[in-house]
Amino acid sequence: MSFAGLVFLFFFLPVVLVGYYCLPRRWRNDFLLAANLVFYGWGEPWFLPVILLTAVVNWLIGRRIAACAETSPRRLWLVTALVLDLGLLVVFKYTGFVLNTIGLGQVLAGPLPLPLGISFYTFQVVSYVLDVYRKTTPAEKSAVSFATYMTFFPQLIAGPIVRYEELRGQLDGREETWNKIANGFCLFMIGLGKKMLLANPMGQLWDGLRALPDGVGILGAWMGAAAFTMQIYFDFSGYSDMARGLGSMFGFEIPVNFRYPYAAQSIKEFWRRWHITLSQWFRDYVYIPLGGSRCGKVRTFVNLFIVWALTGLWHGAAWNYVLWGLYYFVLLAAERLIGEARLARVPRALRHVLTMILVVLGWVLFAIEDFGAMTAYLHAMFSLSGGLIGTQAAVWVLSYLPLFAVAVLAALPLAARLVQRKEETRLVRCGAPVWCLLLLAASCAALVAQSYNPFLYFRF
């Protein structure tokens, strides 16, 4: 079930909200858990046993780790949980990739179906058992509370990656208020607007330009890559906003996952702003345990290499994702060698432009799995042999140029700052619900009119 769907907007969400707030507080987690399982099983009920098995086993192992006083049994239980959690992820997500890589792709009749959200909820339960093992968080005593945390439908399918410690106090002690509900509704509408009114049209522009025959031209190729750059940002940040908004409607505070990454002035800053919860997860559970930057320059680069190879592989079971991750390893290693002091001498505007050029090129590596097609597209971006822009490409670009300009402004913090300066006025405060309802109406109109409505991160 997708947030950007009529069934969710006008059936599932209203029913769940009404049922949730009609129940006494002591039953709300039980009801929310049932809603989570209905949401997850709506389209793929055959994967419910997988997520339930993961929840039950990790809850039991967390209890066992906390109960053990000796190191060896605690470590054995931890290894058991990691083997189960990561083993399921590897089997479902990477079996076909491994077999194809070693030339045994014919063993499978087709690709294994991928349980929705497995990359996200696996990282959540791994962080839970590791935190319990490290004694930085207590084991959850209630199976219902733990299963509610793990299957929480607002962020179950595509994040953010929420650690147990961040929701522990909220599972039984959250406060639901009208202010939280109203703010959550507005944030959900903003995310829905990002998805339907910006991400989807930018995706159509990218698909249209990419599908053109030879002669798209250098400007058309760059415009297509820029359109995908906008699509993936508004698609994923829109989903994250909707997740945070839904969480707020039920009294939960879900962490921010994006802070205007396209305003970054370095690749390091970009990754401090993009998919924040994933970056923090790899930092805390991979990079720092490997030694971080404490073991000398060579070991630091080795650790960075491992982290970014895994980051790329986490995003997809294909070599272009690994290439994309290693591309960022090279960029971050280069920035580390140059040094922040030297980079700071470069004018801010130039740093921003150079960063965005590198990010756009990175998204081309991310978007195109076939290396032949990827090479051809990169050639079109840097070769004048196809001219500046083809006739068909020019029609596509001119048709979407006003909306592209709106997307660029919306991706930068300037527009938000202007709104914040005026949000104290009576007119803005009173008009906020009206704007949210207009966003809902426009998004629903787009939803009905468009057949193009993918969520890019659902496949990860």
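The exercises go from the whole chain down to one residue.

This is a predicted model, where local features need pLDDT of at least 70, side-chain atom pairs count only at pLDDT 80 or more, and totals for chains, interfaces and linings use all residues. Residues are numbered from 1 along each chain as its sequence is written, and side-chain values use heavy atoms, with hydrogens and water left out.

**Exercise 1.** Work out how the chain is built and how compact it is.

*Solution.* 
- Start with secondary structure: there are 20 helices and zero strands, taken as DSSP runs (H or I, at least four residues; E, at least two) numbered from the N terminus.
- Next, take the radius of gyration over C-alpha atoms and compare it with the globule rule, 2.2 Å times the number of residues to the power 0.38.
- The chain comes out at 23 Å, close to the rule's 23 Å for 460 residues, so it is as compact as a globular protein of that length.
- Finish with burial: 51% of the 460 residues count as buried, meaning under 20% relative accessible area with a 1.4 Å probe, protein chains only.

**Exercise 2.** Describe the surroundings of Asn-257.

*Solution.* 
- Locate it: Asn-257 sits in the loop between helix H10 (217-249) and helix H11 (267-273).
- List contacts (heavy atoms within 4.5 Å): beyond neighbours within four places in sequence, Asn-257 touches residues including Pro-160, Phe-236, Trp-274 and Thr-277.

Terms used. Buried < 20%, exposed > 50% of the residue type's maximum accessible area, 1.4 Å probe, protein only.
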